[in-house]
Amino acid sequence: MRCPYCGSLDDKVIESRTMANGETIRRRRECNACNYRFTSYERVEEKPFMVIKRDGRREPFDTAKLTKGIERALEKRSFASGTIENLVNEIEDSAIMASRTNREIPTEQLGELVLERLYKLDKVAYIRFASAYKHFETLDEFITEIKNTEGKR
């Protein structure tokens, strides 16, 4: 650690304390060159959770974007906002667990997690989300998905 007073890289740790529920370590240091005492903080720097888009681009996972999509699917359906929040949290947790090693998840896998949860919660919301997620282009594709939903019971 570089001394803020003289710039020397030679120091010793005098005291260490765990802070913020073990997420941060506070260290009191003393420069061996000029005896100046200073404090440093150490935190784990996690790689951000990323979503791999269909075209190969990567972007940070956005909870607000997921919430917005689920809210649209559940629009005019009788669900409390707490239900949506819990659903989003479940999906986010599942996505992170599914991609634990590289902290990335393809949009296809994320979309399937959403569809799985919506299917259990509300079939109409499932169809609404599926129509946007799967990019239905014809009425036949839409009808086929509805028939598949009826067959899953």
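Contact here means heavy atoms within 4.5 Å, and helices (H or I, at least four residues) and strands (E, at least two) are DSSP runs, numbered from the N terminus. The model is predicted, and local features need pLDDT of at least 70, side-chain atom pairs count only at pLDDT 80 or more, while totals for chains, interfaces and linings use all residues. Residues are numbered from 1 along each chain as its sequence is written, and side-chain values use heavy atoms, with hydrogens and water left out.

## How the helices pack

In H3, the residues Thr107, Glu108, Gly111, Glu112, Val114, Leu115, Leu118 and Tyr119 meet Lys123, Ala125, Tyr126, Phe129, Ala130 and Tyr133 of H4. Sorted by class (Ala, Val, Leu, Ile, Met, Phe, Trp, Tyr, Cys and Pro are nonpolar, Asp, Glu, Lys and Arg are charged, and the others, Gly among them, are polar), the contact of H3 with H4 has nine nonpolar, two polar and three charged residues.

The table gives the axes, which are lines fitted to C-alpha atoms, for helices over the stretch in contact, with angles from 0 to 180 degrees between N-to-C directions.

| Helices | Axes come within | Crossing angle |
|---|---|---|
| H3 and H4 | 8 Å | roughly 160° |
| H1 and H4 | 8 Å | roughly 125° |
| H1 and H2 | 10 Å | roughly 125° |

A crossing is left-handed if the near helix is turned anticlockwise from the far one by less than a right angle, and right-handed if clockwise. The crossing of H3 and H4 is left-handed, whereas that of H1 and H2 is right-handed. In the latter pair, Thr63, Leu66, Thr67, Ile70 and Glu71 of H1 touch Ile84, Leu87, Val88, Ile91 and Glu92 of H2, a contact with six nonpolar, two polar and two charged residues.

H1 also passes H4 in a right-handed crossing, where Gly69, Arg72 and Ala73 of H1 meet Ala125, Arg128 and Phe129 of H4.

## The largest pocket

A pocket is found on a 1 Å grid over the protein atoms alone, as an open set of points where a 1.4 Å probe fits, with protein on both sides within 12 Å along at least five of seven lines, and its lining residues have an atom within 4 Å of a point. The largest pocket has a volume of about 650 Å³, a volume being the space filled by probe spheres set on the points, which are joined across faces, edges and corners. Of its 25 lining residues, Lys53, Lys65, Thr107, Phe129 and Tyr133 lie nearest its centre. Strand S5 (58-60), H1 (63-73), H3 (107-121) and H4 (123-133) each supply at least two residues of this lining, and H1 gives the most, with seven.
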